[in-house]
Amino acid sequence: MKIKFYHIVMTLSLVVLLFTSCNDDLDTFPTDQISDQTVTESVSNMMIALNGIHRFMYRRLDSQGQGGYGGIMLINEAMGEDYVFTGNSNRWYRSEYRWISHRNATSSVNRYPYKFFSIINVNANVLINETQDTPGDPDLKRHIIGQAKVYRAFAHFNMVQLYASRYIPGAFNSQPGIPIVESFSTSGYPRATVEEVYDFINAELDEAIEMLDGYNRANNSHINKSVALGLKARVLLTQGRWNEAASTAIEARSGFSLMSNDEYKSGFNDYSNEEWMWGCTIVDDQTAFFANFGAYISRNFNSTNIRTNPKAVNVLMYQPFPDSDVRKQLIDPTGEHVDLNLPSNFNRRPHTSQKFLAVNTSDSRMDVPYMRAAEMYLIEAEAKARSTSFSDNDAAQALLPLAQNRDMNYVLSSNTGNDLVEEIMNQRRLELWGEGFRFLDLKRLNLPLDRTGANHSASVSSNVFEKAAGTNEWTWLIPQDELNSNPLIGEQNP
Amino acid sequence: MSKNKLSLLIVMLITSCQCLLAQTRQVNGIVTDTNGDPLAGATVQVEGTSTGTATNADGAFSIQAEPSDILVFSFVGMKTVKVNASSSVVNAVLELDSYAFEEVVVVAYGTQREEALTGAVNTIKAEEFSSRPFTNVSNALEGSSPGLQMSSATGQPGASDQSVRIRGFSSVTQNSEPLYVVDGIPGVSLNTINMMDVETITVLKDASATALYGSRATNGVILITTKTGKKGKKSFTVNANTGFVQRGIQEYERVGVNEYYPIQWESIRNSLIYSANPIQTIEEANQNATNQVFGTLEYNPFNVPNNQIVGTDGLLNPNAEVIARDLDWRDAIERTGLRQQFDISYVEGFDQSDLYTSFGYLKEEGYVSNSFLERFSARTNMNFSPKSWFKSGFNLSGSLTDSNFASAQSSNNNSINNPIRAGRFFGPIYPVYKLDENGNYQLSSTGERIFSDDNRGPGASSGRNAVAENLWNKDGDRIMNISGRTYGTISFLKDFSFTTNVGLDYRNINNTSYDNPLIGDGAPGGRAGRTITNSSRFNINNLLTYEKEIKEINLTALVGHEYYHRNLTVVDGFKNGQVADDNNNLSNFVNISRLIGYEDNHKINSYLSRLNLDYQDKYFFSTSARLDYSSKFSPQERDGFFWSIGSGWVISKEDFLSDNNTIDFLKLRASMGTTGNDGSEFYGWQGLYDLNFNADEPGATISTIPPPFGYTWETNFQKDIAIEFALLNRINGTIEYYNRKTEDLIFEVPAPVSSGIPEYLQNIGDMYNRGFELDLGVEVMKKANLSWNVNMNATTVKNEITRMPDGNPIINGTKRWAEGQSRYEFWMRSWYGVNPDNGDALYNADDVTSSDVFELNGEMVTTNQNNARFEYQGTSIPDVYGGLRNNVNYKNFSLDFLLAYSIGGKVFDRHYRDLMHTGNSGGRAWHKDILNRWQEPGDITDVPRLDVLQEPSFTATSSRFLVDASYMSIRNVTLGYDLPSSLTDKIGVSNFRGFMSGENLGLFSERQGLDPQQGFAGTVANIYPVASVYSLGLNVSF
C-alpha cells in the first residue's frame, strides 16, 4: 500500500519538478515606459516622440534651477544687466548673476545647457534618422521630421552661442564651436568650427521651413513654419546677415498679431495668446514644482526665491520710457504691486516687475513664451537699422507697429544712426525682459556688461558690475563631463 | 548564555533508548550544565557496555548499574564526564567544549555539520545580540564575523538595512549588497523582522557556500533563520527592554556668534581688494565691507545698528552684545528619545511536532524630534511529522510598522527641511524663533512662540525653518508585512526524500507625505502625497535528496528546481491645496499635482544540484551547480550557469595528530567556483522611452538605449583556502585567503554629454578582490566562576580593476575607474597649499604653459581650479577592518562588549569643505579651522583667504579635503545578571536575566563630527547620524 502511495506522490512530484515553469514566461517589460521600437513603428507613434521633445522643453534636469529651457532663459537674463536680483537670501541663479558658474567646468550649471540641448538633439535625431520605413501619412511624417530638424537647429544654435566664442559677422569663424551631432556615437564627435555649426543650423532650418509648409499645428507648443522662420531670423541676426534677417522676420510673423495692452498686463502665462508664436503649457498634474519658470520670475508665487528676491528691472533701462507705456506700468517703483495683494511675508523691493504671473501663490506653473511676434518686429527693426541697405526711416517704420501698440502715444521715431539703433535696442530690452535674450544680445553685439549706476546691489552681485566685451569670460567652458566622456572633443575653451 | 546554543544542539541529538537486561540496582541523577541548567537528551552510558539512556526534559535519568561501574555522561558540544556509580544518586555537571565542531549550521537549501563544511560560513547566534537594543537585524552583523564591511547604521528608527559588503566590492555600478534569504525566501529586507524571532544569521562568503544561489550570489548570501520549537522543551519567555536614545556622533566644531560676523566682513573686504573688478583701495574696501556685511547675512543678532556690527577695522563692534536667543538649531531639533521593547514567546517540542510562537512590540523614538518607529509583530512556526515518512511545517509571520522619518535620509542630503543639515550648517546668528528688536520672543495670538521665517544669508535657507517643517510635515511609512512559508518532505525508498518549499512574502508600504501650508515647500497651499507600494515575492522549490552511507562514505545528493517571481506595484498620487486643517488625506486637497502608477516584474527560473561526499569523517568534498534563467536579460543572454567545488580535510583526525596535545583540531579547506550578479536593472537590455510630461497629448522621450555592445551577467570567479584550528584547548580560529575576480562588470558607461544619452550599459572590465581573513577566539580565563573570552576578526581587501573597455578610464564623481586602480580610487585636483603672498588656494598645474601658472618652490602651481592637475589621491578602501568581542562571565554576571574598527583609507569630507567656505554662502556656519585662515602677506597656513568671489577656486574638490578614514567605535556594551537556579527555582521560573546594554557608545575618528563609515565610497552626506541607545532589560522564562 505504502509503496504505491509513494509512487503516486513521486510521479506527481516529478511532474511538478519538470513542468512547474518554462522560460517563455520570463519576458518582462516596464509599464511606465515604452519600447524604443514603438516610437518609430508608425507615424502616429512618431508624434508621441515629437511631443516628448515639446514637453522636454520644461522638464527639470539635475536640480530645481534647471527647469528645461525656461531655466536657461533665466540664466541668460541673470548674466545680463537688465534683470536685477534684489535679495541675497536664495542661492538659485545667484552664482550665474555673479558670473561664476559658467566658468567652472565641474559645475552642474555649466553642464546644464550643454546637456539639455544635447538631449533635445538626440531625440530629434531618432525621428530624422530612423523613420525611413515608418508607415503612415506622408504629410504628417514630413511635418514631424521638419519639427525635429528645427529642434536640431535650435539645440545647436543655443549651444554654439554659449560654448563657443561669438560669431563675428562678416568674418570666417574658424574658432572651435561645438560638436555637430547628427547621430548617436559612443565615441563622440569633435568640435566643428563656429562657421560649420552655423552652416549646419542654416541648412537644417532651410530644410525644415520647406518640410513644414502646409502644417497646421494643434497648438502653440508645436513648431510650424513660422517658428522655423522665426528661429532662422534669430540665427541670421546673430550672424549679422541683416537683410536676410529682416526679410525672414517679416515672413515669420505673418499671420500673427500683437496682443492688446490688457492682455499684456494679464501675466504672460497663456500660450494661446495671438502674439505667441511658440511656447509651452504645463498641465496640473505635470508641474515641475520649484523648477518651473514661474517659480523664479513670477511676482506672485510663494517661493523663497520670489519672496526674498523678487526680480527688478534695471532703472536706467526702463525709466526713460513714458508712463503711458504698458510695459513700464508693470514695474512698480515701490514694489507694492497693490493689485496683486501680495502676502505680507513677500519682500517689497523697488522696481520689481509683474510682467510674469504664475497660476497662483501656491502653483508655480505658467506657460513659457519661447517666441513672440514682437521679437520679429524687433529683429526686423534692428536689422534694418544696422543694415546699409535700408534707411533710418525704414527701420523706424519697422519699429512703429510694436512701439505704438505698447504705448499709444508713441510716434514714429525721428532718431537716426546710432541713436535709432539705441532706441530699438532699448525697446528690445524692455519688451523681451525676462525672456532669455540679454546675455546673448550682449555677446552677439560684442558689448560689455555694465550694471553700474543702476539698481544692482553690491552684496548680491558680489560687486560684479562690469565685464569687458569680448573676453574669454563670455564663453562658457566645455563641461568637464564632456571632456571626460568625449575623447574627440579637443581643447577646453580658454 | 549557553542555553540557546545548547537548545539548538538538542534538536540534532538523536539517541536511542535501549532496554536494559542486566540485573543491577537503579542509579538516579540529574545532568546539568555549568550554569546549573538541566541538560535534556544527554547520553548516560555504563562504560564498556551498551547500557545507556538519555536524560529527560528536566535533565533527570535513571539507569541500572553496578556500584563498580563507571557512568559516562556525554552531550554534543560538551566535554564528556566520567563518574563512579558507587552512589545511587549520581549528578553530573557538563562543561562546554569550545572546540566541538559537531554543530550544525544552516547552509544553502539545507543544513550541514560544521565540520563537514567546505565553504566559508560564519554563524551569528541569537545569544550574541538578543540583549542589544537595536531595531534592525542587520545591525547584528557588524563586527561579528570577518569579511563583512559595514556602512554606518543611521539613527532614523526604521531606516533601511545597514549596508554590507562581503569580501570587498564585487561590482562597480551594480547592486553590491548581499542576498538576504529569510527562511528560504530570497530578496527580503530585514527592517520589519523582529530580531527576537531570529535564531541564527548565517553569512555565506565563498563560492562553495553561495554558488547554489547562482545569479544573485556574487555579493555573498546572508541567511536569516527564525526560531523553532525545541524538542523536550516547554517555556514561556517574557522579554522587556526600556531605554533612551541620543545622538551617537558629535557635531563638527564651528565658530560662535561673536566670531561669525567679522569673518564674513573679511570675506567681503578681501574680495574688494583682491578679486573685484575694479579693485578698490583698502580704505574703500573696509568701509564697503562694513556697509555690506549685514546685507550679506541679513540678520542682526546684536544690539547695535545693522551698519555698525563690524567696524572698518574688521572687529566686532565692542559695544555689540548678543540679544538674540535660540541660535543653536540643534537644541530645537534634538531630544532624548524613548525606546521600549516588549516580547513574549512560547516554545514547545513534542515527539511529532514543535512550536514557536511570539508576539512583539517595539517603539523607538529617534533623537530628532518627530522621528519614530512603532512595530507590532507576530510569528508562529510549527513543524510536524504525522507519519514517519512525512514531515511538514508552517511558518507564518506578520508585522505592522508605523514610522515617521526626519527628512534626513540620503535623498534629503541637500533638502532645506533636513534638520541635520540645518543643525550643521546654519550660521550661529539666526534664531529659531521670531524675535522682536530687543531679542524677546514674538508670540502668536495664542501666546506661542512663532517659528522664524526671517531673511537669512543664502547659506541658511531664508524664509524656511527646518525645525517647524520637521515638526509639522510628515513623511511616514506604514508597512504591513505578511509572510508565509510551508514545506512538505516525503521520505521514500529508504534513501530518498522529496521536499517542496513554498514561500510568499507580501509587503505593503503606504507612504504618507505632507508639507504644511505655513512654512516651506507646502506653503501657502499645503500639499500631500500617498505612495502605495505593493511588493510580493513568491518562491517555490522542489528538492530531491538522496542520502546514502556506503561503508565509510557518506553521500548526499540534491537536485532541484526553483522558480522566483517578484512583483512590485506602485501607485503614487500628490495633491495640493489643503481644505481643512489637520487632515493629510488626499481628499482634503484640491488639485492633482501628480498621479502615476506602474508595475515591475522580475522572474528567475532555475535548476540546481549539489553533491556532498565525506570519507571517514575526515575528507570532505562537495560540488554544486545552478542554471538560472532571468527576466533581466534578453532571451538570447538570459541563461547563466554557476558552479562550485570544495573540499575539506580534518588533519587532526589523522593518526599522526590524534595524540597531539597542542593541536586539538586542524582542518584545511579549499574551494572555487562561480557566482553571478544579475544587475540592478529590471529591463537593462531594452531601449526605452519615458512616458513623461504630456500636456494632454501622448509624449515620450528617450530614457535608455539598448546596450550597444550586448549585456549579460557579471560573473564572479572565486577561490578560497582556509585553515581552521583549535590549540591548547584555549585558542581557536580560522585563517583564510580569498581571491574573487569579477568578469564582465556591468558599467553605466558615460556617453559623451553631447550625445544626449547619459550612459549606456555594457559588460566591460574585470576586477579582483583579494585578501586575508582572520578569525580568532581566545579563552583567556576559564575558571569555575570566572571565564573570559576574546574573539577578534580582521579582514584585508585589495581591490583592483584589471580591465577597462579599450583601456579607457571612466570618471565618476570623485573617482576614476582605470586599470591598475581600485574602484574607489579618489581622482581629484592635486592641492598644493596656500600662497603666502596673497592667500590664494594653489593647485599643482595641469597645463604648465597656461598664463595662470607660476613656479613656487620648484612646483608649477595655479589658482585656477580649471587648470588644476587631477591625480589619484588614494582610496576609500581601508587596509584592514574588523571587530573585537569580549565576553567575561563572573559567577552569574556577564559583561560583553563589541568594538568595530577600520584602519586606513580616506574619506572626502564634503561637510568640512562646505564649512570652510570662503564667504560666498553667507549665513552658512564656519568650521573652527577657519580661524587659521590666511590673513596677511607672509602668513603660512593651509587655509586660503576668505573671499566672496573665490568660492569655486578656493574650495574646489581637491585632495585638501581628504582625511584619514580610520575609526574605532564601541558598538555595544552589555552587562547581564542571571539569577542563580537556586533562586529561580524558588520563584518558579526557569530563567531570570536582567541586563543593561548600550549601543554605539563612542566613535573615535580623525575629525569630530565626521562619520568616516558613512559610505564605502568615502563620501559623506547629511543623513541622520547613528544613535546611542542606553537600555535596561529583563528576560524571564518559565
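**Loops, folds and cores**

Mentor: Let's start with B:D326, which counts as partly exposed at 29% relative accessibility. Keep in mind that this is a predicted model.

Trainee: Where is B:D326 in the chain?

Mentor: B:D326 sits in the loop between α5 (282-297) and α6 (329-333) of chain B. Its phi is near 55°, a positive value in a residue other than glycine.

Trainee: Why point that out?

Mentor: Because most residues other than glycine have a negative phi.

Trainee: OK, what about B:K891, what is its phi?

Mentor: Phi of B:K891 is near 50°, again positive and again not a glycine. B:K891 is in the loop between β47 (880-890) and β48 (893-903) of chain B. B:K891 counts as exposed, at 51% relative accessibility, because the cut-off is over 50%.

Trainee: Which peptide bond is cis?

Mentor: The one from B:A523 to B:P524, with omega near 0°. B:P524 lies in the loop between β23 (496-515) and β24 (527-550) of chain B.

Trainee: Switching topic. How many helices and strands are in chain B?

Mentor: Chain B has 12 helices and 53 strands. Its radius of gyration is 33 Å, close to the 31 Å that the globule rule gives for 1038 residues, so chain B is as compact as a globular protein of that length. The C-alpha trace spans about 115 × 65 × 65 Å along its principal axes.

Trainee: And how much of chain B is buried?

Mentor: Buried residues make up 60% of its 1038 residues.

Trainee: Show me a buried one. Is B:S630 in a strand or a loop?

Mentor: A strand: B:S630 lies in β27 (residues 619-630) of chain B. B:S630 is buried, with a relative accessible area of 0%.

Trainee: What is B:S630 in contact with?

Mentor: Leaving aside neighbours within four places in sequence, its contacts include A:L26, B:H602, B:R638, B:D678 and B:W713.

Trainee: Chain A shows up there! Which residues touch the most other members of the largest nonpolar core?

Mentor: A:F116 and A:Y151, in a core of 152 residues. Helix α7 (residues 138-163) of chain A gives the largest share, 13 residues.

Trainee: What does A:Y151 contact?

Mentor: Beyond its neighbours within four places in sequence, A:Y151 is in contact with residues including A:L50, A:M57, A:I120 and A:W278.

Trainee: And what lies apart from that core?

Mentor: Another core, of 68 residues, among them B:W265, B:V310, B:A406 and B:W926.

Technical notes: Residues numbered from 1 in each chain as written. Chains lettered and ligands numbered in written order. Predicted model: local features only at pLDDT ≥ 70, side-chain atom pairs only at ≥ 80, totals over all residues. Heavy atoms only, no water. Helix = DSSP H or I, 4+ residues; strand = E, 2+ residues; numbered from the N terminus. Rg over C-alpha atoms; globule rule 2.2 N^0.38 Å. Buried < 20%, exposed > 50% of the residue type's maximum accessible area, 1.4 Å probe, protein only. Core = buried A, V, L, I, M, F, W, Y, C linked by side-chain atoms within 4.5 Å. Contact = heavy atoms within 4.5 Å.
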